[in-house]
Amino acid sequence: MGNTIMFVILAVFIIGSALMCVTTTKIMRAATFMLFVLFGVAGIYFLLDYTFLGAAQISVYAGGVTMIYVFAIQLVSKRTLQGLEERVKSSKMIAGGLAAFAGLVVVSLILLKTGFYTQAIANVEVPMKEIGMALVGSGMPFEFISVFLLACIIGGLVVARKEDKA
């Protein structure tokens, strides 16, 4: 019962922080809320007795949020950091919502295909070794992550090279 209550508290904390992260207009607040989300996920890992994953979550991803602070200061214009930010157009919000929905559909299909979802409903615990082999066993997810990180680096360089028009 205690684990369930703690899970609900962490889930509400994560969802609330995630919503605040994507709805705030100030980049430093968004990075701070994302830090809270990452700490909440680490709390769930600790709740599941995955202490190594919890410690890795805090050290790697919380350290990553610190890097986001650095990039936010270096890459974003002074006007944006001072609160004179641009408004997001509704067409971009709709496109982002559609992209998020497409991502949800893809993740759901993958969960159904691999059987993790049916095992969770049947209350069967999936061993960590099986999850690790599913993630990096075929080599494809690892390569996709590598390409994604490369795209992020290139995107950061493109943003850094833009000149301020103000």
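Contact is taken here to mean heavy atoms within 4.5 Å. The structure described is a predicted model. By that criterion, and leaving aside residues up to four places away in sequence, Gly 54 touches Ala 42, Tyr 45 and Phe 46. Gly 54 belongs to helix H3, which covers residues 51–75. Its relative accessibility is 0%, so Gly 54 counts as buried, the cut-off for that class being under 20%. A separation of 7.8 Å was computed between the C-alpha atoms of Gly 54 and Val 41, two residues that lie 13 places apart along the chain.

Helix H2 contains 21 residues, and the distance from its first C-alpha to its last is 30 Å. This span is close to the 30 Å expected at 1.5 Å a residue. The buried residues of H2 are Ala 30, Ala 31, Leu 35, Val 37, Leu 38, Gly 40, Ala 42, Gly 43 and Ile 44. One of them, Ala 42, is also among the contacts of Gly 54. Phe 39, also in H2, has a relative accessible area of 36% and is therefore partly exposed.

Phe 39 takes part in a nonpolar patch on the surface, together with Phe 13, Phe 36, Phe 46 and Ile 58. The accessible area of these residues together is about 410 Å². H2 supplies the largest share of the patch, with three residues. Phe 46, a member of the patch, is also one of the residues touched by Gly 54.

The loop between H2 (27–47) and H3 includes Asp 49. Although Asp 49 is not a glycine, its phi is positive, at about 65 degrees. Most residues other than glycine have a negative phi. The relative accessibility of Asp 49 is 63%, so this residue counts as exposed, the cut-off for that class being over 50%.

A positive phi also occurs just after helix H5, where Gly 115 adopts a value of about 90 degrees.

Technical notes: Residues numbered from 1 in each chain as written. Predicted model: local features only at pLDDT ≥ 70, side-chain atom pairs only at ≥ 80, totals over all residues. Heavy atoms only, no water. Helix = DSSP H or I, 4+ residues; strand = E, 2+ residues; numbered from the N terminus. Buried < 20%, exposed > 50% of the residue type's maximum accessible area, 1.4 Å probe, protein only. Patch = residues over 30% accessible without salt bridge, like charges linked within 9 Å, V, L, I, M, F, W, Y side chains within 5 Å. Areas by Shrake-Rupley, 256 points an atom, 1.4 Å probe, with all protein chains shown as cover. Salt bridge = Lys/Arg side-chain N within 4 Å of Asp/Glu carboxyl O. Expected span 1.5 Å × (residues − 1).
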